[in-house]
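Colleague: I am new to this structure. Could you walk me through how to read it?

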Amino acid sequence: YLGLVLVVGALTTEKWTVKANMTEAEETRLVIADSVYGIAGILVLYTGYLRATEYGKGWEFYSHEPIFWVKMWLFTVMGSSSLFPTIKII
C-alpha cells in the first residue's frame with residue numbers, strides 16, 4: 001500500500017505545483033514529485049507482480065479474471081500517458 005500512497009501524494013503535489021511562471025523551487029519540487037511518482041509506479045508494479053505470482057491466490061486464479069486484465073490495461077494506460085510529461089519535466 002506504500003506505493004499507492006506515494007502515487008497519490010506525488011500526483012497531488014504535482015497538481016498543486018504546476019502553474020504558469022513557476023519559480024526554481026517549484027520546478028525542483030515538481031521534478032522530485034515526478035521522480036517519486038515514477039519510483040512508486042515501479043514499486044506498485046513489482047509488488048503487484050509478487051502478489052499475483054507468489055503471495056496472493058496465484059497466477060492460475062488471476063489469469064482467468066477479466067477484472068485483473070482491466071486493471072492491467074488501466075495501469076498500462078496510466079503509465080504510458082505519464083511518460084511524455086515525465087520526459088519533459090525531468
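**Pockets and the helix beside them**

Modeller: Start with the largest pocket: H2 provides the largest share of its lining, eight residues. This is a predicted model, where local features need pLDDT of at least 70, side-chain atom pairs count only at pLDDT 80 or more, and totals for chains, interfaces and linings use all residues. Residues are numbered from 1 along each chain as its sequence is written, and side-chain values use heavy atoms, with hydrogens and water left out.

Colleague: How much space lies in the largest pocket, and which residues are the closest to its centre?

Modeller: The idea comes first. On a 1 Å grid over the protein atoms alone, a pocket is an open set of points where a 1.4 Å probe fits, with protein on both sides within 12 Å along at least five of seven lines; lining residues have an atom within 4 Å of a point. A volume is the space filled by probe spheres set on the points. Here the largest pocket holds about 770 Å³. It has 22 lining residues, and the closest to its centre are Val 44, Thr 47, Gly 48, Arg 51 and Met 72. H1, H2, H3 and H4 each give two or more residues to this lining.

Colleague: What is the lining of the largest pocket by class?

Modeller: Ala, Val, Leu, Ile, Met, Phe, Trp, Tyr, Cys and Pro count as nonpolar, Asp, Glu, Lys and Arg as charged, and the others, Gly among them, as polar. The largest pocket is lined by 16 nonpolar, three polar and three charged residues.

Colleague: What volume has the second largest pocket, and which residues lie nearest its centre?

Modeller: Its volume is about 300 Å³. Of its 16 lining residues, Tyr 37, Gly 38, Gly 41, Gly 79 and Ser 82 lie nearest the centre. H2 gives the most to this lining, with eight residues. By class, the second largest pocket has nine nonpolar, six polar and one charged residues in its lining.

Colleague: What span should H2 have?

Modeller: Helices are DSSP runs (H or I, at least four residues), numbered from the N terminus. The expected span is 1.5 Å times one less than the number of residues. H2 has 32 residues, so it should span 46 Å; its end C-alpha atoms are 44 Å apart, which agrees.

Colleague: Which residues of H2 are buried, and what covers them?

Modeller: Buried means under 20% relative accessible area, exposed over 50%, partly exposed in between (1.4 Å probe, protein chains only). In H2, the buried residues are Glu 26, Leu 30, Ala 33, Asp 34, Tyr 37, Ala 40, Gly 41, Val 44 and Ala 52. Their cover includes H1, H3, H4 and H5.

Colleague: Is Asn 21 buried or exposed?

Modeller: Asn 21 is exposed, with a relative accessible area of 76%. Asn 21 lies in the loop between H1 and H2.

Definitions and conventions: Contact means heavy atoms within 4.5 Å.
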